Amino acid sequence: MTGHLRGNGRLTGRPAGEPAAGTTGRVRRIGHLRDIGGAGNAGSDGNAGSAEGAGAARGGDTGGSGGGGAGGLGGRPEIELLWGEPVTAGQLAAAESGYARCGPEERLLWERLSVFEGVFCRDAVREVCASGTLPPTRVQTVLDRLAPLALLPVDDLFDGEEDAPRYWMPLPVRAVGARRLTERGDRPSVVLRHRGWCARLARRAADRWQSGRQLDARDLALRELPDLAAAMDPTTAPLSPGAEAGTSVETAVSLWFLWVACGRVAEGRARLRHALALHPGPPPARALWLAAHLELEAGRPEDADPLLARAWAAAVRDGDDRCLGLLAQLRGSTALYQGRTRAAAAEFREALALTEVPPDFGPGREMGWAGLALALARTDPEAAQEALDRLPLERAGRWAWAGRDLWADAWAHHARAELLAWDGERGRAADHARRALRGHLTLGSAAGASCAAELLAELRIATGRPVAAAHLLGAVDVLRTSAFGDAYRPAASAATARRRSERALREALGGEELRRAHEEGARLGLFTLSEDH
């Protein structure tokens, strides 16, 4: 059970309280900057967390110069690249002028705010910027005075989120603050507080996922990703990279759901590998579990196996019983990927025996029952149905504040579609396959969506709709290649089903009509095709 979809939007026709499709839940409206001349036009779209600027700001430098002559002030080029964005000498001069007009407290807060890579709220300002000569009791008052001079108001709240001001610091303004923060000698302490805030933020997003607020968890993580990305890179730490690699690993592991269930597999794999490479001691068991899971998600089960062995040894060493349950579930997913359904069923049963209700981390018991149903769907349909019947009981036994496990629901719909197709109820099977597809698309899982779409294509062929099936397969090809590249190997059962569908379509449509239908499906995409009943 693997996943990724780029473009993490929710489907249209959403329930009340969900953001519109094609967004991460944010409706970003940036206000006007006052009293800083040209700095109001300096920013990009608000995502200032590029890799180019992170290292530059760390040392007080704000990036290399771009094109343009040397006609700026003091020989400075007319245009410089700050955090990967072009900024003019006039904008920097305006920001310097604004800084000079501020009082001591406003200057101090200006400098400390420069460590934020993206948008921030008032609570974040207090956690990161309050210390020493700027105590927590003074931060909010100083922020109110500074905001009209140096910050842009941003409206990126989710529907239902408590209304609170949020701000973004334009790049020229941030550059002035970063340089002065370094000159003052405060950068190491402020950056460390920022990294600690990011680790707590990642844990808060993970808690939302575990409580059933999965879309809110995903949207929070995506909205704050510029700052979280900086915290996941040990080389942005003010000390040696090894000294802060633990915080980087912890942050990446807390965001497991974003990488595994919401589809940012390649990004999560790269960030975790980078942090683990600089980790000075034995890697935590859960970090190794996540590393193994991401290898499986990327279609590399052979690379996951040695990591699974290391993770098991680390879990035993650390006494992490929860991780032992996670590893059993992952072994089940690996066996299912490889077509070893009997072994998969045994592993999922072990995982359920080891997983508490509700778990504090990682996939829950609902995912265990859904995985067991998938493993048994074609060999023991009655036992598979019994596993699916346990899902409502698991939900009833969770805490009152816990919502639905949308990830498990999507895979459960897939298993129900398999069972109904086995019983010859192809219309009902197609409906569950379509619901599985929509569920994976909502979360952002390309692998899950591809599996569901290929199952739906099989059912379209069986019900006499070969063109609709070809549309689905064309869309799957585009999605799978864009998410994983040409070298990706789908699960054994998915590869077998795909070959079977392609043979049937060549017989039904012929080469030229099949090619045109594939191209049309690639143009339409799975979001559109998932609306087709």
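## A walk through the model, starting at a helix cap

Start by selecting Ser445, which caps the N-terminal end of helix α21, with a side-chain oxygen 3.0 Å from the backbone nitrogen of Gly448. That is a polar contact (N or O atoms within 3.5 Å; within protein, one able to donate a hydrogen and the other to accept it, and residues adjacent in sequence count only if both atoms are side-chain atoms). Before moving on, note that this is a predicted model, where local features need pLDDT of at least 70, side-chain atom pairs count only at pLDDT 80 or more, and totals for chains, interfaces and linings use all residues. Residues are numbered from 1 along each chain as its sequence is written, and side-chain values use heavy atoms, leaving out hydrogens and water.

Now select residues 446-462, the whole of α21: its 17 residues reach 24 Å from first C-alpha to last, close to the 24 Å expected at 1.5 Å a residue. The expected span is 1.5 Å times one less than the number of residues. Helices (H or I, at least four residues) and strands (E, at least two) are DSSP runs, numbered from the N terminus. Just after α21, Gly464 has a positive phi of about 80°.

Next, go to residues 79-82 and 85-88, strands β1 and β2, which run antiparallel and are joined by four bridges. Strands pair if DSSP finds at least two bridges between them. Leu82 has Glu85 in β2 as its bridge partner. Two residues separate the strands of this hairpin, and Trp83 in the turn has a positive phi of about 55°.

Where do the aromatic rings meet? There are 12 aromatic pairs; rings of Phe, Tyr and Trp (its six-membered ring) pair if their centres lie within 6.5 Å, with planes under 30 degrees apart stacked, over 60 edge-to-face and the rest tilted. Select Tyr99 and Trp110, an edge-to-face pair at 5.4 Å centre to centre and 85° between the planes. Tyr99 sits in helix α2 and Trp110 in helix α3, so the pair ties together parts 11 residues apart in sequence. Trp110 is buried, at 0% relative accessible area.

For a last stop, select Trp209, Trp256, Phe257, Trp289, Phe361 and Trp407, which form one aromatic cluster.

How values were computed. Buried < 20%, exposed > 50% of the residue type's maximum accessible area, 1.4 Å probe, protein only.
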